[in-house]
Amino acid sequence: MYDIVIIGSGITGSSIARQLSKYKLRIAVIDKASELPAGASRANSSMIHGGFDDKPGTMKAKFCVPGNKLWHRLKDTLDVHLDECGSYVCAFNDDEVRHLEVLLQQGKANGSPGVEIISGDKMREKEPNVSPGIVAALWSPEAGIINNFEAVNAMIESAQINGAELHLETVATGLITEGGNVRGVSTSKGDFLAPIVINAGGVHSGEIASWAGDTSFRIIPTKGEYFLLDRSTGGTITSFLFSCPSKAGKGVTVLRTAEGNLMAGPTATEQLDPEDRSTTPEGLAEVLKGARRLVPNFPVNMNITTFAGVRANTESGDFEISALKTPRGFVNVAGIKSPGFTSAPAIAEYIAELLQEEFADLATFAPNEKFIPEHRNIPRFLYMDMAGRKALAENDPAYAQIVCRCETVTEGQVLEAIRRGARTVSAVKMMTRAGTGRCQGGFCCPRVAEILSRELGIPLDQITRHGGESRLLVGKTKEFLLKGAV
Ligand SMILES: Cc1cc2nc3c(=O)[nH]c(=O)nc-3n(C[C@H](O)[C@H](O)[C@H](O)COP(=O)(O)OP(=O)(O)OC[C@H]3O[C@@H](n4cnc5c(N)ncnc54)[C@H](O)[C@@H]3O)c2cc1C
């Protein structure tokens with residue numbers, strides 16, 4: 001029996017869980033995934049938007065600037081990488097310059113600090129590799145790029161430190177109601193009973209809302225494809241470059257991740273399957289064309305992987321946030337598309353207020369006096385100076401064993417990720433960056449699997465990449481030959 005069950009532990013669900021853990025509430029967060037982040041929070045541009053892109057009066061505009069401000073504070077509290085690099089929207093002609101004016105006015109109306117239009121030449125003083133065809137740009141100094149893997153894990157770990165429970169590999173299958181009131185959620189692991197259920201199911205949030213009889217909105221899964229380049233390319237630009245938005249969307253961007261990899265994308269392709277995260281030759285060709293328009297020498301030959309994320313777009317184009325009248329206790333935090341990552345901490349504050357206004361009779365919102373705001377990340381060996389590395393290794397020799405050569409990740413970090421709940425190779429990757437580098441896990445994947453097997457006492461052939469049937473080893477090669485399988 002809980003006070004609140006949250007379906008989904010992307011950046012929305014985990015931010016809400018942390019915010020609600022400031023109260024003496026029994027909170028369960030359930031997610032079907034084996035590791036976090038899993039949905040849109042795993043594969044996106046990770047821009048902490050400046051707040052000029054959204055029409056004043058929309059929910060997106062309401063939460064984006066406050067969310068941006070909160071992230072600038074939370075980065076230290078939660079120990080998350082945020083590159084405070086600013087962003088440019090680039091205009092190549094008079095029409096696009098006129099659009100910059102619209103964005104500037106929107107930014108001012110939304111309270112986006114410091115937005116201004118500068119000339120292409122002024123921009124090139126700071127960004128010499130951008131196209132000579134850029135005639136003007138909208139500069140947003142408060143924009144930044146966050147490490148999304150760290151941010152989601154820090155949010156949920158902080159919520160757990162403060163008493164919330166996380167249940168992974170738990171698929172919500174239906175809503176339990178009685179007499180017009182919410183009673184809980186049925187799942188693949190039994191019923192989770194609570195009078196308040198929050199739907200933070202991302203691209204599945206439309207389907208989850210329909211369990212409560214709410215069919216007022218529909219999710220249109222919209223895929224965005226990306227190139228991710230080797231970290232040595234990070235010096236090509238210093239900030240986030242947007243194309244000028246058009247009716248088709250925000251367009252292709254070129255950015256440098258919080259860890260310094262050059263990246264380009266996304267596309268915006270509507271599809272039926274919410275789980276289809278495949279990349280396509282057509283999508284990637286579109287990204288490359290858009291990237292070269294902004295940065296003519298975009299060094300695509302240094303590409304190390306491609307990937308795609310799926311947005312939970314809605315027909316209204318806005319977030320769908322509401323507490324239903326019937327069944328009472330059901331709250332949608334649905335259709336959280338871009339700028340959802342930016343907005344998440346502000347949405348979480350709003351949800352905590354909404355619950356207290358609407359459901360004070362269903363749960364007691366007494367403050368949790370023991371709330372600990374701070375969260376510390378797993379030590380980042382790569383960024384430490386020699387003295388720091390030596391001290392760490394002297395204290396624990398596992399920090400002297402390099403597991404991932406590309407990203408200089410040590411066995412000590414892998415062990416700490418396992419201690420914090422990692423059970424798959426991919427979970428270790430999200431929590432330590434082992435496998436995110438140039439060789440994409442070619443060197444470290446077997447070593448991480450061995451450490452997981454040893455530490456968890458699970459046979460090596462039961463270790464999975466990302467849960468379910470994604471086992472890395474399925475038998476010995478010679479046995480396959482004898483069975484005629486190859
Ligand atoms: C291509 C792309 C680019 C983007 N760029 C940006 C950007 O630069 N800046 C920005 O601010 N935002 C950006 N966004 C938007 C941002 O990523 C999302 O708004 C945000 O991640 C949504 O978080 P969420 O927690 O609502 O959803 P998700 O991260 O999708 O989380 C939903 C969770 O619910 C779980 N779930 C679903 N159904 C069930 C079920 N039945 N049972 C149990 N668990 C379930 C899933 O496993 C998942 O973990 C981008 C998104 C995409 C796709």
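This is a predicted model: local features need pLDDT of at least 70, side-chain atom pairs count only at pLDDT 80 or more; totals for chains, interfaces and linings use all residues.

**Starting from I6**

I began with I6, which counts as buried because it has 32 C-beta neighbours inside 10 Å; buried takes 20 or more other C-beta atoms within 10 Å of a residue's own, exposed 12 or fewer, partly exposed is in between, and C-beta atoms are placed from the backbone. Residues are numbered from 1 along each chain as its sequence is written.

I found I6 in strand β1; helices (H or I, at least four residues) and strands (E, at least two) are DSSP runs, numbered from the N terminus. Leaving aside neighbours within four places in sequence, I6 is in contact with G13, I16, A17, I27, V29, I198 and A200 (contact: C-beta atoms, placed from the backbone, within 7 Å). I also checked I6 against V185: they are 179 residues apart in sequence, yet 9.4 Å apart in space, C-alpha to C-alpha.

**Helix α1**

Next I asked how many residues of α1 are buried. Ten of the ten are, so α1 is largely enclosed by the rest of the structure. Its buried residues pack against β1 (4-7), β2 (27-30), α5 (148-161), β13 (196-199), β21 (330-334) and α8.

**Around the ligand**

I then listed the ligand's shell: 40 residues surround the ligand, and the closest are G10, G39, G202, G224 and G340 (near: C-beta atom, placed from the backbone, within 6 Å). The elements giving two or more residues to this shell are α1 (11-20), β19 (303-314) and α8 (340-358). I sorted the shell residues into 17 nonpolar, 19 polar and four charged. Here Ala, Val, Leu, Ile, Met, Phe, Trp, Tyr, Cys and Pro count as nonpolar, Asp, Glu, Lys and Arg as charged, and the others, Gly among them, as polar.

**Helix α12**

I looked at α12 (residues 444-456) last, and it has 13 residues. Within α12, C444, C445, V448, A449, I451 and L452 are buried. They cover an arc of only 165° around the axis, which puts them on the same side of α12 (the arc is that of the directions from the helix axis to the C-beta atoms). What covers them includes β22 (402-404), α10 (411-419) and α11 (425-432).

Technical notes: The expected span of a helix is 1.5 Å times one less than its number of residues. Two residues are in contact if their C-beta atoms, placed from the backbone, lie within 7 Å.
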